[in-house]
Amino acid sequence: MEDITSKAIQEHVGEKDGKEEECDADAWEMLSKCFREVQTALDQNRALIQQVNENQQSKLPDNLAKNAALIREINRNVSRVVGLYSDLSVNFAGLVHHRRALSAAATATAMVNRTKNTTNDQVKSADSDWSKFRLVY
């Protein structure tokens with residue numbers, strides 16, 4: 001999974017530059033880290049559930065008694081997954097907000113630059129219009 005994720009990050013980040021690239025890299029890194037942690041917890045639960053099933057099938061009192069602890073561990077892992085997804089949601093919303101702020105700032109800068117260029121062009125045009133006239137005394 002890590003190789004595919006790393007490749008996707010490289011391909012996606014390679015299309016962008018500057019602050020947008022940094023934001024995208026942070027987002028991909030955060031998503032990848034969270035999904036790896038979730039997958040680890042789910043893999044642990046798969047093994048724990050298998051152990052619970054084996055204990056249940058054995059019907060040995062000692063094994064059945066172990067199931068309570070195993071089920072508590074499964075519940076902790078499920079809670080951890082819920083927490084990871086909750087954190088991911090909050091962090092992702094923050095990144096989207098940050099990305100929108102960067103986009104808005106870039107748009108504002110572009111508009112200011114366009115306005116400056118238009119004003120400079122108008123001043124140059126006005127100067128050239130006045131240069132056609134000669135003052136006669």
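Predicted model: local features only at pLDDT ≥ 70, side-chain atom pairs only at ≥ 80, totals over all residues.
Me: How do you know what the protein is built from, helices or strands?
Reply: The secondary structure comes to 3 helices and 0 strands. From the N terminus on, the elements run α-α-α.

Me: What makes Asp62 and Lys66 a salt bridge?
Reply: A salt bridge needs a side-chain nitrogen of Lys or Arg within 4 Å of a carboxyl oxygen of Asp or Glu. In Asp62 and Lys66 the closest N and O atoms are 3.9 Å apart. That is within 4 Å, so the pair counts.

Me: Where do Asp62 and Lys66 sit along their helix?
Reply: They are 4 residues apart in helix H3, so about one helical turn separates them.

Me: Why is Asp62 called exposed?
Reply: Exposed means over 50% relative accessible area. Asp62 has 51%, so it counts as exposed.

Me: Why does Glu37 count as partly exposed?
Reply: Its relative accessibility is 28%. Buried would need under 20%, and exposed over 50%, so Glu37 falls in between.

Me: What makes Glu73 and Arg76 a salt bridge?
Reply: Their side chains meet at 3.0 Å, N to O. The cut-off is 4 Å, so they qualify. Both lie in helix H3, 3 residues apart, about one turn of the helix. Glu73 is partly exposed, because its relative accessible area of 30% lies between the limits.

Me: How many salt bridges are found in the whole structure?
Reply: A search of the whole structure finds 4.

Me: Which residues make up the largest nonpolar core?
Reply: It has 10 residues in all, including Met30, Leu31, Cys34 and Leu88. Helix H2 (18-58) and helix H3 (61-130) each supply at least two of its residues. H2 gives the most, with 6 residues.

Me: Which residues does Leu88 touch?
Reply: Leaving out residues up to four places away in sequence, Leu88 touches Met30, Leu31, Cys34 and Phe35.

Terms used:
Residues numbered from 1 in each chain as written. Heavy atoms only, no water. Core = buried A, V, L, I, M, F, W, Y, C linked by side-chain atoms within 4.5 Å. Buried < 20%, exposed > 50% of the residue type's maximum accessible area, 1.4 Å probe, protein only. Contact = heavy atoms within 4.5 Å.
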